[in-house]
Amino acid sequence: MNLFAEIRALVIARLEEMVASGALPGGLDMAAVAVEPPRDGAHGDMATNAAMVLARPAGQPPRAIAEGLAARLAADPRILTAEVAGPGFLNLRLAPESWRGVVRAALAEGRDFGRSDIGRGVRVNVEFVSANPTGPMHVGHTRGAVFGDALAALLDFAGHAVTREYYINDGGAQVDVLARSAYERYREANGLSPEIAEGLYPGDYLIPVGEALKARYGDSLLDRPEADWLAEVRDFATAEMMQMIRDDLALLGVRMDVFTSEKAITASGKIEEAIETLRGMGLIYEGTLEPPKGKLPEDWEEREQTLFRSTLHGDDVDRPVKKSDGSWTYFAPDIAYHWDKVSRGFDQLIDVLGADHGGYVKRLKAVVSALSSGRVPLEVKLIQLVKLWKNGEPFKMSKRAGTFVTLRDVVEQAGPDVTRFVMLTRKNDAALDFDFDKVLEQSKDNPVFYVQYAHARVSSVIRKATEAGIAADDATLAGADLDHLGHEAELALARKIAEWPRLVEIAARGQEPHRIAFYLYELASDLHALWNRGNEDGSLRFVQEDKGISQAKIALARAAGVVISAGLGILGVTPAEEMR
RNA sequence: GGCCCCGUAGCUCAGGGGAUAGAGCGACCGCCUCCUAAGCGGUAGGUCACAGGUUCGAAUCCUGUCGGGGCCGCCA
């Protein structure tokens with residue numbers, strides 16, 4: 001139930017009538033006609049720009065169109081008044097019954113209230129995290145994980161068929177480095193002193209891996225050439241790292257549908273397959289690249305390599321897929337992986353990447369565009385940096401060699417709910433400050449707390465009512481006589497609730513889960529405001545002497561609670577029943 | 001040199017063609033005999049970086065400039 005969509009449909013229907021009656025010319029494009037909350041609530045409940053948008057194509061002054069439309073809209077029982085204002089806005093005031101309908105719908109539909117079908121079942125693959133299996137997840141991964149998970153949930157709520165996917169980079173040189181690093185820890189476990197050379201991973205987290213290797217292989221891998229143990233140690237250590245990463249994700253409450261291995265993709269011959277497909281399109285050639293502009297690498301020399309003609313698909317320069325020695329570049333498995341995703345039948349791909357991958361976006365888009373013949377759009381969401389703060393100053397990485405602020409560090413200090421909510425209070429392409437002090441503060445300065453508190457207050461009201469012998473379960477509330485609602489402060493909250501389905505669609509279209517967080521803050525604010533009105537005017541309190549009146553008022557509160565609960569659900573945050 | 005992101009109140013940030021640009025913090029003034037005051041109401045605070053352009057209408061779209069950040073050969 002989306003009241004804004006319903007009123008927009010009404011507006012369009014009346015405009016069509018005007019066309020049919022000759023009041024407007026035929027062939028008008030109504031796509032730009034919008035029905036929105038006005039910026040200033042004093043103007044009305046909803047406003048439409050229809051007259052201004054149609055004035056030019058219709059060849060009529062906007063106010064004339066608006067007046068004709070107003071007369072037709074005013075006849076509808078849902079519309080109380082329709083007034084022309086300003087340059088041609090049509091301000092609508094809705095009958096209180098419309099708002100009561102919203103409350104009823106929220107109670108009847110529960111956490112499904114606000115679900116949308118704008119996604120029309122489109123199959124979307126959201127790839128996120130994809131941290132290299134060489135160590136624990138750090139803060140940057142955390143934000144990407146939270147964002148990707150919330151985006152996936154949002155798209156699902158808006159009617160897309162979503163797959164959450166993790167790409168395991170287990171095929172590059174970095175996992176050989178991991179293997180060598182783990183091997184040193186294995187030697188250490190066997191009583192030898194490890195030689196953590198420059199370039200190896202020095203982190204303590206590999207010590208247990210070394211011990212596990214000892215438990216499995218005893219001393220049988222000692223004093224053997226690397227060629228004898230590299231593959232086995234690599235596979236073992238990679239599996240250990242992935243288990244650690246899965247544990248970290250579980251700690252955050254992030255769930256993946258699919259893990260795809262780079263190694264498996266490579267072994268299956270998909271790289272060759274994808275490259276040959278591109279070659280068949282005339283997009284692969286042998287050539288040399290211009291040296292990069294700006295500061296030239298010291299050892300730059302022109303060499304011939306195998307190149308992908310990504311410039312034909314919007315990139316700035318062509319990109320190497322093979323090094324001059326004939327081996328694949330890092331880009332090649334990525335081509336194969338995206339080819340794999342395209343061939344699995346997704347209608348849309350989303351990659352959530354760190355901002356340092358900014359230079360990589362165009363070539364990925366070029367590949368997907370080429371390999372899907374333009375059928376599958378790829379969106380790349382770049383996640384900007386997280387700056388950690390503690391005690392009023394930047395929180396530096398630990399100086400202990402090889403350690404950094406991990407996902408586990410953050411979640412264990414702040415908790416998963418706080419971590420998730422805070423990381424979703426900024427759009428993905430803006431840097432985020434994460435202040436451990438503020439984030440744990442229990443005041444309205446802390447949006448997580450503020451929203452949680454609103455939900456807890458709703459639960460509290462229901463508890464109080466139940467104690468007083470007033471039935472306040474959802475089924476009873478859904479049948480409450482909402483004619484008892486009518487005060488301006490109550491309708492204001494209902495109006496905000498009515499915006500939820502619209503907000504979901506806006507957020508989903510823009511792929512902007514942060515809008516959910518901001519909306520929830522506003523909704524919580526309206527609930528707190530109404531609550532406090534009850535302090536001044538007893539008739540606005542939720543729990544009343546009269547059972548029927550109480551149930552109507554609690555129904556409104558519960559409707560807000562349901563929306564908070566649904567919204568927090570998208571963000572992956574647990575709603576609080578009480579504040580402790 | 002090129003590409004991407006950012007620039008809105010003292011601070012942190014929403015808003016991304018529509019009316020008088022919003023919120024929180026900080027400042028100031030108020031509100032608990034009463035469902036959680038962990039809250040609420042009010043006052044003060046703005047050249048939406050700058051300059052052009054498109055439009056009936058620009059903080060929003062386009063171009064350019066300035067400032068901040070990120071990235072830029074066969075590293076992953």
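**Exercise 1. Is W500 buried or exposed, and how is the ring of W500 placed against that of F157?**

Solution. W500 has a relative accessible area of 0% and is therefore buried; buried means under 20% relative accessible area, exposed over 50%, and partly exposed in between (1.4 Å probe, protein chains only). F157 is buried too, at 4%.

The model is predicted, so local features need pLDDT of at least 70 and side-chain atom pairs count only at pLDDT 80 or more, while totals for chains, interfaces and linings use all residues. Residues are numbered from 1 along each chain as its sequence is written, chains are lettered from A and ligands numbered from 1 in the order in which they are written, and side-chain values use heavy atoms, with hydrogens and water left out.

Next, the search of the whole structure gives 13 aromatic pairs. Rings of Phe, Tyr and Trp (its six-membered ring) pair if their centres lie within 6.5 Å; planes under 30 degrees apart count as stacked, over 60 as edge-to-face and the rest as tilted. For F157 and W500 the centres are 6.1 Å apart and the planes stand at 45°, so this pair is tilted.

Helices (H or I, at least four residues) and strands (E, at least two) are DSSP runs, numbered from the N terminus.

**Exercise 2. Classify the ring pair of Y183 and Y186.**

Solution. The ring centres are 5.7 Å apart and the planes at 40°, so the pair is tilted. Both residues belong to helix 6 (residues 173-189); being three residues apart, they are separated by about one helical turn. Y183 is buried at 6%, and Y186 is buried at 0%.

**Exercise 3. Which residue lies over the face of F331?**

Solution. Start with the cluster: ring pairs link F331 with F308, Y330 and Y360. R363 lies over the face of F331, 5.9 Å from the ring centre. A charge sits over a ring if NZ of Lys or CZ of Arg is within 6 Å of the ring centre and within 35 degrees of the ring normal. Likewise, the charged end of K390 sits over the ring of F436, 5.3 Å from its centre.

**Exercise 4. Which element gives the largest share of the surface near RNA strand B?**

Solution. Helix 19 gives the largest share, 10 residues.
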